[in-house]
Amino acid sequence: MQAIPTSPEPPRASVRQLFAYPFRIFFLSMALLSVLAIPAWVLQVSGAIQLPLAMPGLLWHQHEMLFGFLSAGIAGFLLTAVCVWTQTNRMHGVPLLLLWGVWLAGRLSLAFGAGWPEWLVQGLNLAFLPLVMMDAGWRIWRAKQKRQVPILVVLGLLWAMQIGFITRLDMAFSHGALIMAMALISIIGGRITPAFTSGWLKRQGINSPAVRMIPALDLITLLSLILVLAGMLAGMPRTTAILSLIAAVLMLTRLFHWKGWLTRREPLLWVLHLSILWVPAALVLLAGSLLAGWPANAWSHAAGAGAIGGLILGVIARVSLGHTGRPLVLPRGMVTAFIAIQIAALLRVLTAFKFIPWHAGIGSASLLWTLAYGLFLIRYTGVLARPRADGQDG
């Protein structure tokens, strides 16, 4: 009797595999934090639960989304990408476990650290970004890649905003951090989005040279965002508003040159373009808040939920496939996740303008955010916890 061929069993998932590459553990942890922290904050502000937080609830929410969620995304992406850029061996194993432990200690200290010494909570939370910058900076310096220096500069400014925020509990520093987050989007999103778009258009037989990257425009946009930060910290609202509008026009010009409308058939691309479009939207809303009294939480949620939340979800969905040796084909349900995160951002902005009642607005936006990142966890946990599909290391 002829034996019936059997397909090989898929590699088993393991905790050890999560520490084989930075993107694995940090993308998974970031998504898990978001689906836990967002509902927890809603329950906290509604009075349903009382967490032993180390800072007031609203400030905890802001800190965790900017310096917990975002910092994990930065670490996962940057510590993975910088190895490719510099042709150096990745951080993995015990060093990666220790770095992740620093990140986790910060999250636990803020969520359950009521009554802890301030210096301990602050120290645990301020240690993470410098460690990320040191690892990336050492590799960049050894490879003499001056092109990567602006990323380190912006990360340094982001860390400075964290220092101000966690030591003074002043929302001005969380707003400054949002500006620097948009600056990071300007740099990194400005590299990968047109490059991925051009490559996809070429494979589709479409005119890929239509996608243009203009280095001078990229630099001016970045400088304009840093000037927005400077104006904000200097207490110059009119100047900050004008600079915000200038930065918005520059960002829109770049987006026009990237021809995002040509990618409407590819979710892994249109989610990047659509998410970056929230950057100029947030800058216009910021100008409106300074000049016309528009609610400040409108621009902050356009930046936080729309630009940061949307772009991170799109990037991790792609990177998690590409760096595990899998084809760039979205798992089932991820288009729904991309749509949900965009609607969540829109609802949050409309709630800020009181077009939607507050409880209904934050409740529905939070549910959609949790759905989006929950779908990522469902579809990608196995991808991140299993060896590469092509058998290569990492």
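Helices are DSSP runs of H or I that span at least four residues, and they are numbered from the N terminus. The model considered here is a predicted one.

In that numbering, helix α2 covers residues 22-45 and includes Q44. Is Q44 buried or exposed? Its relative accessibility is 12%, and because buried means under 20% relative accessible area, Q44 counts as buried. When residues up to four places away in sequence are set aside, Q44 touches I49, Q50, L51 and L53.

In soluble globular proteins, nonpolar side chains tend to be buried together. The largest nonpolar core in this model has 126 residues, and the members that touch the most other members are F26, L158, L313, M334 and Y373. Helix α3 (residues 57-86) supplies the largest share of this core, with 16 residues. As for M334, its contacts beyond four places in sequence are L313, A317, L375, F376 and Y380.

Three residues of the patch, its largest share, come from helix α11 (residues 267-291). V284 lies in helix α11. With a relative accessibility of 36%, and because partly exposed denotes the range between buried, under 20%, and exposed, over 50%, V284 counts as partly exposed.

Methods: Residues are numbered from 1 along each chain as its sequence is written. This is a predicted model: local features need pLDDT of at least 70, side-chain atom pairs count only at pLDDT 80 or more; totals for chains, interfaces and linings use all residues. Side-chain values use heavy atoms; hydrogens and water are left out. Helices (H or I, at least four residues) and strands (E, at least two) are DSSP runs, numbered from the N terminus. Buried means under 20% relative accessible area, exposed over 50%, partly exposed in between (1.4 Å probe, protein chains only). Contact means heavy atoms within 4.5 Å. A nonpolar core is a set of buried Ala, Val, Leu, Ile, Met, Phe, Trp, Tyr and Cys residues joined through side-chain atoms within 4.5 Å.
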